[in-house]
Structures are given as structure tokens and as C-alpha cells.
Amino acid sequence: MSGINWLLSGLAFVVVAVPLLDILYTILDKGFSALSFKLFTQVTNGISGGLLNAITGTLVLVAGALLIAVPVGVLAGIHLSEFGRGRFGRLVRFLDDVLTGVPSIVLGYFSYVTLVIGLGWQFSVLAGSLTLAIMVVPYIARFTEIAFSQVPNNLREAGYALGLREFTVITRIALPLALPGILTGALLAMAISLGETAPLIYTAGWSNFLWNGRLIHEPIGYLTYVIWSFINQPYRSAHALAFAAAFLVILLVLLTNVAATVLLRRTHPVRAGR
Amino acid sequence: MRLRPFRMVLLLATSLIPLALAAIFVFLVRYSWPAIHFNGVDFLGGHTWSLGNLYANPVERHGQQVPIGADYGILVFIVGTLSTSAIALALAIPVSLGVAIFLAEGLNARLRPVLSFIVELLAAVPSVVYGLWGYSVLTPLIAHDIGPALRDSLGRFIPFFGGPIGSGYGLLAASLVLALMVVPIIAATVRDGLARVPAETKEAAYALGATHFEVVRRAMLPMVRSNIIGACILGLGRALGETMAVLMVSGGALNYFPDNVYSPVTTMASFIVSQLDSALQDPTGMAVRSLAEIALILFIIAVITNMLARFLTGSSRNVSSV
């Protein structure tokens, strides 16, 4: 009787693992055969050409998102860990969870209404990056908070006993110890931003050209857009580009995730062991 | 009191999180306000979404300028959202529990991190990649293999599984993709909960003569019941708001209720993406504002599911489930 139950639970794992492996296999296989040198040297031309504009566009959007989200998230996380025991801290912690649960398309539409139309930024890098930043700030705040709360309190007390100020204790004693955890959060935020589509469709737009450095009034291309829109075109060249883009996205996301996991396991052996 | 610039900066950054949420709510309400007025409760109960005649002069109805014949009802998309999420959760919950038990108790310590990582990868795959896989692998499979097999077995007894199978895009494809996306959320939380059950509890159950699986079933699972419920609600929230993957495999039904499990459907989230382009053609802007009303409803649903999850879990947030 017990044997059947174990078999069923193992089967459940197989039911989940097989599609995942098939997803990876399909994307890597079809994507790899669509890879070519010109993907990295040419821009998209209608439904053919290369992906240079989309690759650089994704990197610009993600870099912009992290530039905004990391400072805010880290500062918020420090506040929650060091001074967040009261009612305000509990409220922010809850709202942090709520924000991670808000569907990304809602964030995208919010930005469309406020930034793209309201402020007249049109489809632009800043609108796209800001939307991604709102999306990933809660993750960075949470990881920062956890990293800081794992710094032993006697180290802080030792700092105060030496007459250091609060600022110095936090930045010179706690921050270096919390840094790997913060980095893990930032990497995770990067992985999430790399793979997002819905918040960008109506904020970043799409462009066949390379980014010209303008923050507003200028749309920008990105890889996930290629996956979503080119697979619907009835042309082989469009499908090849979609799979090549998916290959690059999956590769970037997986590498970032593996780096984050390795960092987490290495810095918190106790937690990883469970 | 001494001014503390460092603390002020921290506080300022922290308050951006509640501010962002408040801004989302306020601006969505403000932008969709004319639509809320115009649509009234019919918005939730109406069967038809029609932009009306965009070429004729707009008329005034309920004090708002709208195109002639414009009608914004989202019941079809509500049904699409609820049905895909319900089927997805019905599939994902038992599978997730099996996966969690397998990972927490059914493996030796060496294999556990490796196989756990596979499930964690599932959570890392971007939704548009799920969509691509669903589009190129799953929907043909449903059209040619899964669909006919279901129709010839379950379909004999349950009409909902019978009838025309169509192209493979539809309710079943969307539900299967959503189920795959929800499993890692539930499985990871339950696995972490199981791993935290004290050894004394397990030993006590063993001492009463329970087999290993009985220990899991009778002693461990009841202890993590609240984790399971909380995780399921978070999974539901994820499924209700998922956009890209559903958009790419659901077939995009308009003004059409699903009559079997293979019918095309549209969810509220995917509808926003698929319709904004055409809504922008509306010179009165009422269509775009009605889409904002859908986004507002999704936002409220997200807040409610998170509050429910928090309330039912009872504890403060689960640190290791991030």
C-alpha cells in the first residue's frame, strides 16, 4: 500500500520534470539551430535579419531597472531589518508581498496610463525600466532584509561599544556580511526582468533600430517581444528569430539563476542544507 | 530630537513600496473612472465586448461620449480566467503535494538538492517561454493526441470533455501551462514546510508503528496544512494574473463562452494585452479606460488573494519560501 503511494509521489515529480526538460530541450534545440553570427551583428529587419537591437535593448532595459531598483530595494531592506519591528515595518512587509503578487500586466498598464500617456513619455526606455523596477523592488528589499537580519547582533553591539555611529555600524560592519545575500536578490531581480514581457509591451514598445541613447520619446526593442510576436508570423525566418531569442533569454535567465543559487548555497550552508 | 539623515533616507526608500501600491490603485481608479461610471455593474455581467462604430460620430450615453453601439462586458473573460485557473489548480495541487512529499521525504540527501533544483528551474522559466513551448509543442499534442484520447475516454461520460477538439488552442492548453507554472510555487512551500517538521514528531509517529508514508500522511501533512492552503492561494493569484503564456495558447475567444474543455478562451489579463491596440482606435478613449477597469479588477483580486493567503497562513511571512 505504502509502496503505491511512494510510486505516485515519484510519478508526480516525473509529470513535472518531463515537461520542463522538454521545454529546455525544445528551446535549446530549435534555438541553437537558429543561431548564427548575424544575430549578433545585425538589427531586426521586418521579420528577418538579426537580433542586435533586441539583445542590446534587453540589456539596457534590465540595467536601467536594476539601477533604479537596487538602491531603493537595498535601503528599504535595511530599514525593515534594522528598524522595522514596529507596525509600519509589518505593514510594509505585507505590502511588499502584495506587490510581488500584482500581475505584471497590471504594472504595465499602470505605467502606460501614468508614464506613457500621462507624462507623455511615449514608449521609452525610462517607462520600461521604471515598470520593471517597480516589479523587482520587493524581491531586492526582501533579500536585503533577510541578509541583514542574519548578521549576528553581537557584531553590531561590538561596533557600538567601540563608539561607532549607527551609519558606520550598518555600512561598515553589517553591509559587508550581508553583501552576498543582497547580490543574490539583485541577481534574482535581474533574472526576472530579463524574462518579462507583459510589463514592457505597452511601456517600451518595439524598435527595429539600435537604441540612440534617449531615455524618453524613443521606443526600444527587447528579446521577449521577439518571442511573443514573431512566433505568430507565418514565416520561417520569423519563427527562427523567435526561437533564437528564446534560446538567448533562457540562457541568460538560467545562468543568472544558477549564479544566484550557487551564491546562496555558498553563503548560507545552514539554510541550503534543509 | 536630533535629525538623522541616514534614517530619513531609509524611511523614504521604504515608503516607496506602499506609495507604489497606492499610486497603482489611485491612478487606475482615476483613469478608469469614466468607464466605471459608464459601464456600471453591467461591466461584470455583460456578455459582449464591442468597441461600437468607431467611424461614426460618438454619442452621449450615461453622460459620457462613447462610440455608437459600444458595449463593454467582461463576463466572458471572467469565466475564462476562473475556468483556466480552476482547472490548473485542480491539476497542480495533487501533483505539487506529490512532488513536495517526494522531494522532502522520498529521496536520499544526495539527490535532494539536484531534483529540488529542477523544480526551482520551473519557476525560473519566463512565462513567454512557457507560451512558446505551449504554442509549438503542447497545442499540436492536444489537437492530435491528448484531445482525442480525452474525448474517447472521459468524453463518453462527461460532455465537457466531448465535442469538437479544434486546433488545440484553448481552455485545456491554457490550464495545462498554468498548472505547470503554479506547481513550483506550491511544491516549494510545502516541501520547506515538511522539512521543518520536528524530528520528535516523526519519531513519535514511527514509535506508534506507522510506516514511513503514514508518518508523512498522518503526522507531517496535518502540521503543514496552513502552509499548503497559503501556497495554494498564492498559486491561484499567480494563475489568475498570468498573461503571456495564456495569451499564446488560449486561442483568444471574444464574446464566446467555452462549451467544452477544448474551446478557445480569453482571460482578463491576456485580454488587456491583445486588445489595447484596437482599443486605441476608439476616439472617445472609453475602450482604453475600460481596459484600465479590467486592470483595476485584477489589482484588487491580487490584493485580496494575498490578504487571504496571509490571513489563512496566520503566521508572519515565510522567509525560506522566497
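**View 1. The order of helices and strands in chain A.** Read along its sequence, chain A of this predicted model runs α-β-β-α-α-α-α-α-α-α-α-α-α. That makes 11 helices and 2 strands, where helices (H or I, at least four residues) and strands (E, at least two) are DSSP runs numbered from the N terminus. The C-alpha trace of chain A spans about 70 × 65 × 35 Å along its principal axes.

**View 2. A salt bridge within chain A.** Here A:Glu82 meets A:Arg156, with the closest N and O atoms 2.9 Å apart. Because A:Glu82 lies in helix 2 of chain A and A:Arg156 in helix 6 (residues 153-161) of chain A, the pair ties together parts that are 74 residues apart in sequence. Over all chains, the structure holds 10 salt bridges (a side-chain nitrogen of Lys or Arg within 4 Å of a carboxyl oxygen of Asp or Glu).

**View 3. Where chain B meets chain A.** In this view, 78 residues of chain B are in contact with 78 residues of chain A, contact meaning heavy atoms within 4.5 Å. The two chains bury about 7,100 Å² between them, 81% of it on carbon and sulfur atoms; buried area is the accessible area (1.4 Å probe) that two parts lose on being put together, summed over both. Between chain B and chain A there are 2 salt bridges. B:Arg310 forms a salt bridge with A:Asp97, their closest N and O atoms being 3.3 Å apart. On the side of chain B that touches chain A, helix 1 (residues 5-39) of chain B gives the most, with 18 residues. The residues of that side divide into 60 nonpolar, 11 polar and 7 charged (Ala, Val, Leu, Ile, Met, Phe, Trp, Tyr, Cys and Pro count as nonpolar, Asp, Glu, Lys and Arg as charged, and the others, Gly among them, as polar).

**View 4. The second largest pocket.** This pocket has a volume of about 340 Å³, the space filled by probe spheres set on grid points joined across faces, edges and corners. A pocket is an open set of points on a 1 Å grid over the protein atoms alone, where a 1.4 Å probe fits, with protein on both sides within 12 Å along at least five of seven lines; lining residues have an atom within 4 Å of a point. Of the 17 lining residues, A:Leu130, A:Ile134, B:Leu16, B:Leu19 and B:Ala20 are the closest to the centre. Helix 1 of chain B gives the most to the lining, with 6 residues. By class, the lining has 15 nonpolar, 2 polar and no charged residues.

**Notes.** Residues are numbered from 1 along each chain as its sequence is written, and chains are lettered from A and ligands numbered from 1 in the order written. Local features need pLDDT of at least 70 and side-chain atom pairs count only at pLDDT 80 or more, while totals for chains, interfaces and linings use all residues; side-chain values use heavy atoms, leaving out hydrogens and water.
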